[in-house]
Amino acid sequence: MAFLKNRISVPLVGSVVVLGIIGLIGAFTNDPIGFLKSIIVFALVGVAIYFVFRLIVRANPQKKEQQAFIKAAKKSKKRLQSKTGEPQTKSASFGTLASLKKSKMIKKKSPVHLTVIDGKKGKKKNRASL
């Protein structure tokens, strides 16, 4: 933190924190019930903002694409590790119970829908006509 290296800012920040603590103690001693009500309202507003933010982030379609990409990358990494014969890391070997059940079940591979397009590889270009 660059601002803490400055000799003037350290006492300034410390004094602001101390004044804030004194203000909280003063507000609590003058009107404890009003202080607690304001703290509860502040907490409820914070929780409401948090849940609204979570809904907005969860509804983002790019997030779903990112999760699909991460899942595909993990599959690819697993496949490469099994081909090269490298041992898997401890975190991969100690999975959750659900992941162990999934790995035990044999998944049927879906048929790959690829078509062959016949090209003109065998024919040579007539360079004189160009």
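Accessible areas in this tour come from the Shrake-Rupley method with a 1.4 Å probe, and for residues only the protein chains shown count as cover. This is a predicted model, in which local features need pLDDT of at least 70 and side-chain atom pairs count only at pLDDT 80 or more, while totals for chains, interfaces and linings use all residues. Residues are numbered from 1 along each chain as its sequence is written, and side-chain values use heavy atoms, with hydrogens and water left out.

Begin with everything selected and the surface shown: the accessible surface of the protein comes to about 13400 Å², and 67% of this belongs to carbon and sulfur atoms. Of the 130 residues in the protein, 2% are buried, where buried means under 20% relative accessible area, exposed means over 50%, and partly exposed lies in between.

Now switch to a cartoon view, in which you can look for 6 helices and 0 strands; helices (H or I, at least four residues) and strands (E, at least two) are DSSP runs, numbered from the N terminus.

Next, select Val 13, Val 17, Ile 21 and Ile 25, which form a nonpolar surface patch with about 340 Å² of accessible area together. A patch is made of residues with over 30% relative accessible area and no salt bridge, with like charges joined within 9 Å and nonpolar side chains (Val, Leu, Ile, Met, Phe, Trp, Tyr) within 5 Å; a salt bridge is a side-chain nitrogen of Lys or Arg within 4 Å of a carboxyl oxygen of Asp or Glu. Ile 21 sits in helix 2 (residues 9–30) and is partly exposed, at a relative accessible area of 46%.

Then move on to the aromatic rings, of which the structure holds 2 pairs. Rings of Phe, Tyr and Trp (its six-membered ring) pair if their centres lie within 6.5 Å, and planes under 30 degrees apart count as stacked, over 60 as edge-to-face and the rest as tilted. Select Phe 28 and Phe 35, an edge-to-face pair at 5.6 Å centre to centre, with 75 degrees between the planes. Phe 28 is partly exposed at 40%, whereas Phe 35 is buried at 18%. For Tyr 50 and Phe 51, the ring centres are 5.5 Å apart and the planes stand at 65 degrees, so this pair is edge-to-face.

Technical notes
Buried < 20%, exposed > 50% of the residue type's maximum accessible area, 1.4 Å probe, protein only.
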